[in-house]
Amino acid sequence: MSDGFLFTSESVTEGHPDKVADQISDAIVDAALTEDPESRVAVETLLTTGLCVLAGEITTSAVLDFAAIARQVICDIGYDTGEFGYDGNAIGVITALDRQSPDIARGVASSHDARIGGSSDPFDAAGAGDQGMMFGYASSETPELMPMPIVLAHQLARRLARVRRNGLLPYLRPDGKTQVTVRYDAAGRPVRVEKVLISAQHEDGVEAKLPDALWEQVVTEVLPGEMYDPAALRREVYVNPTGRFVIGGPVGDTGLTGRKIIVDTYGGFARHGGGAFSGKDPSKVDRSASYAARHVAKNIVAAGLADRAEVQVAYAIGMARPLSLLIETFGTEKVPRPLIADLVRAHFDLRPAALIQALDLRRPIYRPTAAYGHFGRDEAGFTWERTDRAAALRTDAGLLSERSVVPAPGQRGQPAAPDDCRAACGRPQEFPGRFWAPCHCPAGTAVGISALACGNAQFSHRWCPWWLPQGRAKEGAACAGRSDQITR
C-alpha cells in the first residue's frame with residue numbers, strides 16, 4: 001500500500017432517467033410545501049417509454065396538478081420533443097397517490113417521548129417518520145469538504161449538461177453519466193486524476209467527434225490542472241465505450257426515484273443508511289437526518305477537530321430522541337473523540353423537530369437537490385452546508401490558543417488555582433495536569449481541552465497529557481498516543 005490506492009465515483013446528468021424521476025418527486029414535494037409547509041409527502045416516480053407513473057402517500061391541504069408538475073419537469077430537462085423518443089408533452093401520466101397511513105402519522109404528530117414519557121419539551125413532541133440509521137460525512141481534501149472523486153464527477157456531469165444547453169455542443173442530448181478515478185497517496189491524500197469515463201447521449205452520426213469535443217469542452221474545463229498530466233490522462237479518457245449512445249433517457253432505461261443514493265451522497269467514500277432522499281418531506285429522517293448528519297460532520301472538519309468525520313445517527317419511528325450517535329474520525333482527530341462527541345451533543349440537537357427548525361427544512365428547496373448531489377454545494381437553500389457552528393466548536397475545544405497553562409500546579413481532580421476558571425454550569429474547572437485537558441460539568445458540557453491533544457501527534461514537552469496511556473514523560477522526552485485512547 002506504499003503507492004496509496006485508487007478510488008472511483010460516478011455521477012449522472014439531470015437527464016438520466018433515475019434523476020428525472022428524482023426531480024419529479026422533489027418537484028411534488030416543493031409544490032406541496034409551497035402551499036402547506038406541514039405537508040407529509042412520500043412520492044415515487046417511475047418512468048418508461050411513453051409513460052410516467054406517480055405512486056405513494058401524500059397528506060396536504062395543497063391542491064396540486066400532479067400530471068402537470070411531472071410534465072413540466074420532464075420538459076424543463078430537455079425531453080420536450082418526439083425526436084428524443086420521450087416527450088413530456090405527449091406521454092401518459094398515471095397517478096396512484098393515497099393519504100399517509102394514520103398509524104405512521106400518529107407517531108410523527110405525537111411522539112412516544114411525549115405520549116409515554118410525558119415530556120413537555122416542544123422538540124420532543126414530533127417523532128421520527130421512520131426507523132433507520134443515517135450517515136453524514138466530511139473530508140478536508142476539497143474546499144467543499146467532500147471526497148474529491150464525487151466532486152469532480154458532479155462537476156463533469158454539470159458541465160456536460162451546460163454545453164448541451166448553451167449550444168456549445170448542440171448534438172448532445174439530456175442523458176449522460178460521468179466517472180472519475182482518483183489516486184490517493186499512502187496518507188490518504190488525493191494526488192492525481194488517473195481515469196475519466198463519460199457516457200453522453202448524442203444525435204446519430206456524431207460518434208467520431210465526441211472524444212475530442214468532450215476532452216476540450218468538458219474534461220479540461222473542469223479538472224484542476226495540477227491534478228493530471230494532459231498526455232497521460234488523454235489516453236485514459238473513455239467516451240461512450242460501446243461506440244454509440246443515441247437511445248437514452250426513459251426510452252433506453254426505466255427511471256425510478258431513489259436509485260442513485262450513492263451519487264446523491266458521497267460517491268461511495270462514506271457509508272449509507274440505505275434510505276433515499278427525493279420525494280420525501282423533512283419529517284422523513286431518511287432525508288432530514290442525513291442532512292443534519294452532514295451538517296455535523298462538515299462543522300467538525302471545518303472547525304479543525306478532525307480531517308475526516310463520519311456521523312451516524314439512528315432513530316425509532318415515532319420517537320423524537322435518537323437511539324444512538326456515533327462520531328468516527330478515522331484517526332485524523334486533533335482532540336479526543338469523546339470530546340468531539342460531547343461537543344456535538346452540546347451544539348447540535350438531532351431530534352427531528354429541532355433539526356428541521358435549525359436547518360429551515362419546511363420550504364420548497366428540494367428540486368435542485370435532486371441532480372448533482374445533495375452535499376458539497378453552496379447554493380441557496382442548502383442550509384446543511386453551512387459551517388455556522390465551526391467557530392463555536394473550535395472555541396469550546398480550546399483550539400484557538402496554542403496551549404492553556406495553569407498558573408499554579410495542583411493535583412488531578414482538584415480545582416485549578418484561578419477562582420474564575422469555572423465550567424458553564426458554574427462548577428470550578430478541574431485541573432488534570434500541567435496543561436488543560438477535557439473537563440466536564442455534571443451535565444456533560446465540555447469546557448476545556450489542551451491544544452496539545454492532537455490525534456497521533458508527538459508531544460515534545462516536559463509533561464504528557466494525563467489521559468494518554470504513557471502518562472508523564474521525562475524531561476525533554478516525547479510522548480505519543482492516540483487521542484481516542486482517553487479514559488473517563
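Leaving aside neighbours within four places in sequence, D124 is in contact (heavy atoms within 4.5 Å) with S111, D113, A114, S119, A320, R321 and R351. The structure is a predicted model, in which local features need pLDDT of at least 70 and side-chain atom pairs count only at pLDDT 80 or more, while totals for chains, interfaces and linings use all residues. Residues are numbered from 1 along each chain as its sequence is written, and side-chain values use heavy atoms, with hydrogens and water left out.

D124 is placed in the loop between α4 (112-115) and β7. With a relative accessible area of 2%, D124 is buried, a term that denotes under 20% relative accessible area (1.4 Å probe, protein chains only). Of the 488 residues of the chain, 53% count as buried. The chain contains 13 helices and 17 strands; these are DSSP runs, numbered from the N terminus, with helices (H or I) of at least four residues and strands (E) of at least two. Among contacts between residues at least 6 apart in sequence, 68% join residues at least 24 apart.

A search of the whole structure finds three cavities of 30 Å³ or more. A cavity is a set of points, on a 1 Å grid over the protein atoms alone, where a 1.4 Å probe fits but cannot get out, and its lining residues have an atom within 4 Å of a point. Grid points are joined across faces, edges and corners, and a volume is the space filled by probe spheres set on the points.

The largest cavity holds about 70 Å³ of space. Its lining comprises 13 residues, of which F135, H272, G273, F277 and S290 lie nearest the centre. At least two lining residues are supplied by each of β7 (132-139) and α10 (285-302), and β7 provides the largest share, three residues. The lining divides into five nonpolar, six polar and two charged residues, where Ala, Val, Leu, Ile, Met, Phe, Trp, Tyr, Cys and Pro count as nonpolar, Asp, Glu, Lys and Arg as charged, and the others, Gly among them, as polar.

The second largest cavity holds about 40 Å³ of space. Its lining residues include T13, R164, D175 and Q201. The largest share of this lining, four residues, comes from β8, and the lining divides into five nonpolar, two polar and three charged residues.

Key
On a 1 Å grid over the protein atoms alone, a cavity is a set of points where a 1.4 Å probe fits but cannot get out, and a pocket is an open set with protein on both sides within 12 Å along at least five of seven lines; lining residues have an atom within 4 Å of a point. Buried means under 20% relative accessible area, exposed over 50%, partly exposed in between (1.4 Å probe, protein chains only).
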